[in-house]
Amino acid sequence: MGKLTKEEEVLLSSFSATSSTKGTFFFYVNALILAVAPLYLFYGVHQMELSESWIVWSVSAVSTAYLLSLACKNQKRLLKHQIVMKRGPAVDREINGKYATDKKMTIKEKEERALFRKNEVADTESTYLSIFYTNTLFLTIMLVSAFFLLANIAPVFNLLLSTTGSAALVAFLSTAKN
């Protein structure tokens, strides 16, 4: 088996499970914002002072941010193929309409452009959809656990269990096969 050409390497890398730099950046920034936001609730509702519990807040924020970014990456990987399958015909129509009058372009070039466009669309949509899905699931689980299930325990343990536990559950749910 021979070496892959540059175009084949680019095509293979575009369909790999790894996230783009832009997507990874969005995942980490989103996860950090989402991990820090519940701390304000614990400051206001449970009267946790920053000077007394900054270590617990830091541990909670870092572990929650890591687990949420991991969940977003996993969710993106699951959604990307589904989006390619659903958006494929529309992208094919777009590429065919765009290059219908171009007689210099071969059918193979049109197919390659369609593949790259499908991947680009699927990458963008799966990034934003995974962030939305992960955020919604995390916030729902965290709010229910913090203010209903764990309302009667000490605020420090409530913070750790509700935020980190919710992020761990979301990360676990994102590892599904389908």
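What share of the contacts in the chain with a separation of 6 or more comes from residues 24 or more positions apart? The share is 80%, where a contact means heavy atoms within 4.5 Å.

This is a predicted model, in which local features need pLDDT of at least 70, side-chain atom pairs count only at pLDDT 80 or more, and totals for chains, interfaces and linings use all residues. Residues are numbered from 1 along each chain as its sequence is written, and side-chain values use heavy atoms, with hydrogens and water left out.

**View 1. The whole chain has five helices and zero strands.** Helices (H or I, at least four residues) and strands (E, at least two) are DSSP runs, numbered from the N terminus. Reading from that end, the elements run α-α-α-α-α. Of the 178 residues, 38% count as buried; buried means under 20% relative accessible area, exposed over 50%, and partly exposed in between (1.4 Å probe, protein chains only).

**View 2. Helix 2 has its buried residues covered by other helices, including helix 3, helix 4 and helix 5.** Among the buried residues of helix 2 are Gly23, Asn30, Pro38 and Phe42.

**View 3. The largest nonpolar core has 21 residues.** A nonpolar core is a set of buried Ala, Val, Leu, Ile, Met, Phe, Trp, Tyr and Cys residues joined through side-chain atoms within 4.5 Å. Leu68, Phe138, Leu159 and Val170 have the most contacts inside this core. Helix 2 (21-44), helix 3, helix 4 (107-149) and helix 5 (155-173) each supply at least two of its residues, and the largest share, seven residues, comes from helix 3. Apart from this core lies another, of six residues, among them Val91, Ile95, Met105 and Val121. Look also at valine 170: leaving aside neighbours within four places in sequence, valine 170 touches Leu68, Ala71, Thr134, Leu137, Phe138 and Ile141.

View 4. Rings of Phe, Tyr and Trp (its six-membered ring) pair if their centres lie within 6.5 Å; planes under 30 degrees apart count as stacked, over 60 as edge-to-face and the rest as tilted. Phenylalanine 25 and phenylalanine 26 have ring centres 6.4 Å apart and planes at 45°, so their pair is tilted. Phenylalanine 25 is exposed at 53% relative accessibility, while phenylalanine 26 is partly exposed at 30%. Tyrosine 43 and tryptophan 57 make an edge-to-face pair, 6.5 Å centre to centre with 85° between the planes. This pair links distant parts of the chain, with tyrosine 43 in helix 2 and tryptophan 57 in helix 3, 14 residues apart. Tryptophan 57 is buried, with a relative accessible area of 10%, whereas tyrosine 43 is partly exposed at 39%. Ring pairs also link Phe25, Phe26 and Tyr128 into a cluster.

**View 5. Alanine 90 sits in helix 3 (residues 50-98).** With 36% relative accessibility, alanine 90 counts as partly exposed. Alanine 90 and lysine 118 are 28 residues apart in sequence and 9.1 Å apart in space, C-alpha to C-alpha.
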